[in-house]
Amino acid sequence: FEKVFYSKKLNQHLHEKETAGHDEADKLHISGTEARKIFEAGEVPPAWFMRPEISEIISQAINRGEEVFVKKEAKSGQAVWLTGLSGSGKSTLALALKARLEAVGKMAEIIDGDAVRKNLNKHLSFSREDIRENNRLIAELAKIKIGEVDFVLVPVVAPYREDRQASRDIIGPAYNEIFLDCPLEKCIERDVKGLYKKALAGEINNFIGLSPSNPYETPVNPELEIKTQEIKVEDAVQKIINYLLKSK
């Protein structure tokens, strides 16, 4: 769901995306972390933050000595950022890699760039600014997930070097950039999702990799480069696993 804030001036909750330009000083934000701090300090959140009926239930449970907040041992997972043109094999490789990791007892989760854009970031377009924002949000999500699982696999086009560097900065040392190097001609030939066909027919504008205004900037120093048109999926998976085991 979209982010919500409470307006002091209007005395009501509002959706962020529906109130562009709203005065930041008037916004009161709701945070799960902040709620936990309030309760652990022996206080209760204000009514705009949480319904008093709910606050009372939580306070009573804490007073009875019950464990209200789940405490999980944080993992120090790794983010495997699979970048490349549409059709380069990112999703296919992510699925195969997930299965292989789970087969050896590792917890792995996929954050698919296309799925995130379709479901969570559907309000974003393919403008330069929105591509940057989409990448930032995916990186923030990956940063959270590496504390929960061993490996977070992120198949995403991420066409701009600047954005990939920003993702690296957000995630930190756990970031591993894997460049799936596949010629544009081969990606067009595969065209699994039919996107290139639509773009070449003029049905999709500014398609990444085809349009001069939306180029794919080849990674300069990725942790690993895989030429997916020259290698089998199982061999590519083994190559990535070998790198992860050797470097970490």
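Val4 sits across from His15, a residue of β2. Bear in mind that this is a predicted model, where local features need pLDDT of at least 70, side-chain atom pairs count only at pLDDT 80 or more, and totals for chains, interfaces and linings use all residues. Residues are numbered from 1 along each chain as its sequence is written, and side-chain values use heavy atoms, with hydrogens and water left out.

**The sheet**

- Strand β1 (residues 4-7) runs antiparallel to β2, and four bridges join the two; strands here are DSSP E runs of at least two residues, numbered from the N terminus, and helices are H or I runs of at least four.
- The open sheet has three strands, ordered β2-β1-β3 with antiparallel pairing (a pair takes at least two DSSP bridges between the strands).
- Because β2 (12-15) and β3 (27-29) are the edge strands, each with a single partner, one side of each has no neighbour in the sheet.
- On average, neighbouring strands are turned by 45° against each other, direction ignored.

**The helix pair**

- Helix α5 (residues 128-145) packs against helix α6 (residues 161-171) at about 25°, with the axes 9 Å apart (axes are lines fitted to C-alpha atoms, for helices over the stretch in contact, and angles between N-to-C directions run from 0 to 180 degrees).
- That makes α5 and α6 roughly parallel, a label for angles under 35 degrees.
- Contact residues (heavy atoms within 4.5 Å) include Ile131 and Ala139 of α5, and Ser167 and Ile170 of α6.
- The α5–α6 contact residues split into five nonpolar, two polar and seven charged (Ala, Val, Leu, Ile, Met, Phe, Trp, Tyr, Cys and Pro count as nonpolar, Asp, Glu, Lys and Arg as charged, and the others, Gly among them, as polar).

Methods: Parallel < 35°, antiparallel > 145°, perpendicular 65-115°, else oblique.
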